[in-house]
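Subject: Structure handover

Hello,

Here is the structure I promised to pass on to you. Please have it open while you read the notes below.

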Amino acid sequence: MKLSEVLIKPILTEKSNKLTDKAATYAFRVNRKANKLEIKKAVESFYGVKIIEVNTIVVPGKAKSRFTKAGFISGVKPAYKKAYVKVAEGEAIDLYANI
C-alpha cells in the first residue's frame, strides 16, 4: 500500500486535543487495510517526527434512521479505522497549519 493511501485525515475533536496536550498523542483516520508499521512510516514521512508507538481501533458502523415525507429511512454509517500515534519527547505535529 502506498504511504499516501494510508492516512485519510487527522481527527480534530476535544478528546484528541486533550490527548495531544497531556500525552503528545495524535489521532488519525486511516485506511482499514493499513497496519501499524505502515501507519508509523506514513506519519514519520509526512510530518517529519519520530513515532514511539501506534495504537489502532476499528470503530464499528452506527445504525442511523430518520423520518421523512417519503417515509421511514434507515441505514448504516460505515465502519472506519482510527490510529492513535504517540510522538517522541519534545516533538509535535502542527495539524492546524493547513487550515
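Let me begin with Gly-48: leaving aside neighbours within four places in sequence, Gly-48 is in contact with Val-43 and Glu-91, where contact means heavy atoms within 4.5 Å. Before going further, please note that this is a predicted model, in which local features need pLDDT of at least 70 and side-chain atom pairs count only at pLDDT 80 or more, while totals for chains, interfaces and linings use all residues. Residues are numbered from 1 along each chain as its sequence is written, and side-chain values use heavy atoms, with hydrogens and water left out.

Back to Gly-48, which is found in the loop between helix 3 (36-47) and strand 3. Helices (H or I, at least four residues) and strands (E, at least two) are DSSP runs, numbered from the N terminus. Gly-48 counts as exposed because its relative accessibility is 61%; the classes are buried under 20% relative accessible area, exposed over 50% and partly exposed in between, with a 1.4 Å probe and protein chains only. Gly-48 and Arg-66 are 18 residues apart in sequence, yet 44 Å apart in space, C-alpha to C-alpha.

The pairings are as follows:

- Strand 1 and strand 2 are antiparallel, over three bridges, and Leu-7 has Val-30 in strand 2 as its bridge partner.
- Strand 2 (residues 25-30) runs antiparallel to strand 6, with six bridges joining them; Tyr-26 stands opposite Val-85 in strand 6.
- Strand 3 (residues 51-59) and strand 6 pair in the antiparallel sense over eight bridges, and the bridge partner of Glu-53 in strand 6 is Lys-86.

How much of strand 6 is buried? Strand 6 (residues 80-87) is mostly covered, with six of its eight residues buried.

Phe-46, found in helix 3, counts as partly exposed because its relative accessibility is 47%. Together with Leu-3 and Tyr-47, Phe-46 forms a nonpolar patch on the surface, with about 260 Å² of accessible area for the three together. Patches are made of residues with over 30% relative accessible area and no salt bridge, joining like charges within 9 Å and nonpolar side chains (Val, Leu, Ile, Met, Phe, Trp, Tyr) within 5 Å. A salt bridge is a side-chain nitrogen of Lys or Arg within 4 Å of a carboxyl oxygen of Asp or Glu. The areas come from the Shrake-Rupley method with a 1.4 Å probe, and for residues only the protein chains shown count as cover.

Helix 2 (residues 14-23) is hardly covered, with one buried residue among its 10. Ser-16 has its place in helix 2 and counts as buried because its relative accessibility is 4%. Not counting residues up to four places away in sequence, Ser-16 touches Ile-11, Thr-25 and Ala-27. After helix 2 comes Ala-24, whose phi is positive, near 55°.

Best wishes

How values were computed:
Pairing = 2+ DSSP bridges.
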